[in-house]
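Trainee: I have just opened this structure and would like to go through it with you. Where should we begin?
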Amino acid sequence: MTRAKTLLAVTILSAALLWVFLEMKPAVKPISLRFHALVDGEPLVLDDMRYQNPGGDGQFKVRDFQFYLSNIRLTGPGGDYVLPDSYHLLRFDGDQPYTEIRLPAMDASAFDAIHWGIGVDPEANGTIKITGDLDPNNRMAWNWQVGYKFILFEGGLEDSEGFLPLVYHVGFDENYTPQSLPFAAAAESGEETIVRFTVDIAALFRADGPLDMVTTPSVKFDRDDAARIAAGFPNMISASQ
Amino acid sequence: MSKKFVIAALLLAGGAVYFLAGMPRKATTPLADFTVPFVYGHFQVPKENPLTKEGVALGRRLFYDPRLSGNNEISCATCHQQALGFTDGLKASVGASGVPLSFNSMALTNLLWGPQRFFWDGRSVSLEDQALNPIQHPDEMAQDLDALMDELAEDETYKALFDTAYGGISPEAVAMALASFQRTLVSANSRYDQYLRGEISLTPEEEKGRKLFMAHPDAKVAQKGGNCIDCHSQFLTSGFSTALDGFSNNGLDGEDGLLPGLSAVTGKAAHRGFFKTPSLRNIAVTAPYMHDGRFDTLEEVLDHYDSGIKDSSTLSPLIVEADNQPLDRRQRGQISLNLTADEKKAIIAFLHTLTDEDFLTDPRFSNPFEEEAGDDAR
């Protein structure tokens, strides 16, 4: 073998080794948790009287939908990660088709499950301390004696008798719902690891049998009504590939 | 020079500008005695315009100086008078042209919190951006900015103040100074604040009004509510700061009479008739009320919310739904809070606890020219 050929072989081998090394090296990137809002599996369209009353006559529209997600934690073979001050207001009226929570740069492949609570845990719900997106002067605050709405849904229904306002403000301490979901990257870009979830609003009106929005057009401070909507929390968010 | 080098040099220069913009100016002093109640929450002062003693003092002087107007007769304080919670007591303000404006003078209180969009329709995204608009508006102060710069440069006091605070006279410096002064207009010693701090008790009527203010009604659990908190946050009593939550249609006009409001800014039909929810701090001294000053008294305001709401496609469902009625007695198409006369009176009593005499008479917010004249006379 000539000297030149040897040099070429060494270079190719080095490049191959470098490639293997880079491939094996965990991708430490910021993680983007992206939440896509749906109604019955279809992307949410705001302010459009297009959805069927789940348990009765008439069509409904969604004017505002937002909710709190708390205490995000990742677990897996690579260990545990607990996001500090983790109180997130998720809303879907922005310019993007999803709402995002960003986690710091980590190797996403070290984790296989994500855990959080839908709503605000009782301790945080009982204070007026500003942590994360919790703010006693925001729209989600009921007042300091009651705490936060966990889910805010406002809209309207139209049936043969005309217009009916819809107001579902749900959140007592007992409605706080911890949830665990599989955690896997949906996509990688040069800058971040993207993990996707869907939020199906229809789950709120189906858990305890289809809700007739005409007979129950609002849920606020009645605990049984709140529990009926909150029964849908475990089915609202799903991991999506 | 290689392309890479040029890019690197540009990045470095950009970084330096960014760094320097955030630096306090050489001769300025950070505002030392600026404290705010924790219940008001976080606030942000733009990095490029930190609160300094010199900037605030200059802003206060400019705020009260009629030379900011084209005819040298109208200052910011003409329409924003301290004793009236920085409003002017008029239905619609009248400026240089004598033509009444379309809108009611907005109170200037606790501007660091609540919606960080200014003007009733939210068209301005910062106090700096807002400040130069009234100065140039032909019906407000009708001033030419170049002419104003010349006028200010002829005044040795201004020259020195601008040099110290902002390194020279410019329209941007005028805006920054006015914004700084306005950020210091914090009202936090009303009877409501004293109550929140545990220093006093409210009277039974005020307490009844507070409870009504702070509640969305739910007849199912026998909770009466005045529904105020659905738009006015519990401590600040302002609109909400998140996204555009601090703007709403509060039923002043029906479908045909809806003004563009926020939709002129966002281009969204869903925002027609949306206006900024103002802070209710010092509300008892800021009559007349609403964006167009249509109501003279708080009684009229309460009557509006109780039984005067006009329906439209962008009216909040929270207003329509809040009827204090059990479902079986609800009648579609009828919008009313169904409050009693005593309940309305109680809410008004609570609104009076938001008056902060210290704020309305605080010498730090008063006319510095009068202060100087007083000093000269002594």
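Mentor: Let us begin with a term: pLDDT is the predictor's confidence in each residue, from 0 to 100. It applies here since this is a predicted model.

Trainee: What pLDDT does chain B average?

Mentor: The average for chain B is 92, and 93% of the residues score at least 70.

Trainee: And over residues 1-24 of chain B, what is the pLDDT?

Mentor: Over that stretch the pLDDT is below 50, and residues 1-24 of chain B have 5 contacts in the model beyond near neighbours in sequence. Where pLDDT is low, the predicted coordinates should not be read in detail.

Trainee: Let us change topic. Where is B:Pro30?

Mentor: B:Pro30 sits in the loop between helix 1 (3-21) and helix 2 (53-63) of chain B.

Trainee: Does B:Pro30 count as buried or exposed?

Mentor: B:Pro30 counts as exposed because its relative accessibility is 60%, and the cut-off for exposed is over 50%.

Trainee: Which residues does B:Pro30 touch, not counting those up to four places away in sequence?

Mentor: B:Pro30 touches B:Leu51, B:Thr52 and B:Lys53.

Trainee: Now helix 2 of chain B: at what angle does it pack with helix 7 of chain B?

Mentor: Helix 2 and helix 7 (residues 171-183) of chain B pack at about 95°, with axes 7 Å apart. Helix 2 of chain B is therefore roughly perpendicular to helix 7 of chain B.

Trainee: Which residues make the contact?

Mentor: Among them are B:Gly55, B:Val56 and B:Phe63 of helix 2 of chain B, and B:Val174 and B:Phe181 of helix 7 of chain B. By class, this contact has 8 nonpolar, 3 polar and 1 charged residues.

How values were computed: Residues numbered from 1 in each chain as written. Chains lettered and ligands numbered in written order. Predicted model: local features only at pLDDT ≥ 70, side-chain atom pairs only at ≥ 80, totals over all residues. Heavy atoms only, no water. Helix = DSSP H or I, 4+ residues; strand = E, 2+ residues; numbered from the N terminus. Buried < 20%, exposed > 50% of the residue type's maximum accessible area, 1.4 Å probe, protein only. Contact = heavy atoms within 4.5 Å. Axes fitted to C-alpha atoms, helices over the stretch in contact; angles between N-to-C directions. Parallel < 35°, antiparallel > 145°, perpendicular 65-115°, else oblique. Nonpolar A, V, L, I, M, F, W, Y, C, P; charged D, E, K, R; others polar.
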